[in-house]
Amino acid sequence: MRAVFLERESLDRGDLDLSGAEAAVDEIVYHNHTSADQVLERITGFEIVIANKVRVSRQDLEQARPKMIAVVATGVNNIDLDACQELGITVVNVRGYGTDSVAQHAIGLLLALATRLIDYHRDVQQGEWNRSAHFCLLDYPIVELAGKKLGVVGLGTLGGRTAELARALGMEVLSAQRPGGKPQPDRVPLDELLPQVDALTLHCPLTDDTRGLIGRRELAMMKPTAFIINTARGGLVDEEALVEALRQRRLGGAGFDVLTEEPPRSGNPLLDDDIPNLIVTPHSAWGSHEARQRICEQLAENIRGWRNGEPVRVVV
Ligand SMILES: NC(=O)C1=CN([C@@H]2O[C@H](COP(=O)(O)OP(=O)(O)OC[C@H]3O[C@@H](n4cnc5c(N)ncnc54)[C@H](O)[C@@H]3O)[C@@H](O)[C@H]2O)C=CC1
Ligand SMILES: O=C(O)C(=O)CO
């Protein structure tokens, strides 16, 4: 049984132990990076495809016909799942590997926005404190999070842990009812949640149902002081509308770890350097060594389970 790992360097910078996955197959062929137009050629002839973020299309799958795709991420929005289902290709992913890493990042972004950490740090570096008449700088409004409301969209593994950390800061947590989902007493429809919250954090997957979930209309429903945190996926939020709202001070700030296009080769409206109280990180929330090593362990389990006829973490 042969496997091809399309994007090793997107997971492993030479600091991880992949011996479990290597032992689970006869051979792994490694590519450090693969672009979408190289996928077909590289997966042809392999039963198992290991992928992280590269787009694997219906056309690739129909022609190459792998038997299994092991995604070394939780999000599987880069894989044509309908095509996999139709072609009988098993897709597995990794889950809960980086819960503490991603939750600390989401809360880290929220804390940085509330304390204006980046703005004060930049002013200190630029000598504003040296020149100040007073012992402190007070040029950006500082928000105390305790007592404020956090809205969580996607109260699953990562949303749940982020909610716990927010409660530890003294925040009250509300969570959004999934449209069409079973009504739950502790959840409120998104439209009811948005006007109430002081901060919103997104943790739902990117699917056809959630693409554009937070658009111009939804941003307009939020408090002009509210923060929005996205460590889930680019595509959940209308980026142009977000920039507009931040520039017109109709929103208090935004912390984004994910963009619609990654890397943002064609640019992105959120990368302009004059947008007030915006922090963008390069999809790094998950990237602790501990989390990445857990991915390797789950990858090995996923391949072994599937080979033994007892597949685990099956998406389709
Ligand atoms: N920035 C990063 O480094 C990382 C980002 N992610 C992203 O985070 C996402 C969530 O990961 P987990 O929490 O592990 O997944 P999960 O499956 O445990 O939780 C997702 C939750 O979202 C809910 N949901 C789906 N659609 C919804 C909607 N329209 N409204 C409200 N709730 C909705 C689901 O019911 C589920 O409870 C992943 O799909 C991935 O895109 C995951 C890991 C790292
Ligand atoms: O696990 C995920 O979905 C991530 O985005 C990190 O790769």
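Student: Which residues surround ligand 2?
Tutor: Asn52, Lys53, Ala73, Thr74, Gly75, Tyr97, Arg233, His283 and Trp286 surround ligand 2. A residue is near a molecule if one of its heavy atoms lies within 4 Å of it. This is a predicted model, where local features need pLDDT of at least 70, side-chain atom pairs count only at pLDDT 80 or more, and totals for chains, interfaces and linings use all residues. Residues are numbered from 1 along each chain as its sequence is written, chains are lettered from A and ligands numbered from 1 in the order in which they are written, and side-chain values use heavy atoms, with hydrogens and water left out.

Student: Which polar side-chain atom lies 2.7 Å from an oxygen atom of ligand 2?
Tutor: One from His283. A polar contact is a pair of N or O atoms within 3.5 Å; within protein, one must be able to donate a hydrogen and the other to accept it, and residues adjacent in sequence count only if both atoms are side-chain atoms.

Student: What about backbone atoms?
Tutor: A polar backbone atom of Thr74 is 2.8 Å from an oxygen atom of ligand 2. For Gly75, a polar backbone atom is also 2.8 Å from an oxygen atom of the ligand.

Student: How much of ligand 2 does the protein cover?
Tutor: It covers 92% of the 230 Å² of accessible area that ligand 2 has on its own. Accessible areas come from the Shrake-Rupley method with a 1.4 Å probe; for residues, only the protein chains shown count as cover.

Student: And the shell by class?
Tutor: Around ligand 2 there are 3 nonpolar, 4 polar and 2 charged residues. Ala, Val, Leu, Ile, Met, Phe, Trp, Tyr, Cys and Pro count as nonpolar, Asp, Glu, Lys and Arg as charged, and the others, Gly among them, as polar.

Student: Now ligand 1. Which residues come nearest?
Tutor: Thr157, Leu158, Arg178, Thr231 and Asp257, out of 24 around ligand 1. By class, that shell has 12 nonpolar, 9 polar and 3 charged residues.

Student: Which side chains have an N or O atom by an oxygen atom of ligand 1?
Tutor: Thr157 has one at 2.8 Å. Arg233 has one at 3.4 Å. The protein covers 85% of the 860 Å² of accessible area that ligand 1 has on its own.

Student: Switching topic. Where is Ser101?
Tutor: Ser101 sits in helix H5, residues 99-115. Helices (H or I, at least four residues) and strands (E, at least two) are DSSP runs, numbered from the N terminus.

Student: Is Ser101 buried or exposed?
Tutor: Ser101 counts as buried because its relative accessibility is 9%. Buried means under 20% relative accessible area, exposed over 50%, partly exposed in between (1.4 Å probe, protein chains only).

Student: What does Ser101 touch?
Tutor: Leaving out residues up to four places away in sequence, Ser101 touches Ala285, Trp286, Ser288 and Ala291. Contact means heavy atoms within 4.5 Å. The side chains of Ser101 and Ser288 are joined by a polar contact of 2.7 Å.

Student: And where is Gly98?
Tutor: In the loop between strand S5 (90-92) and H5. Gly98 is buried, at 3% relative accessible area. Beyond neighbours within four places in sequence, Gly98 is in contact with Leu158 and Ala291.
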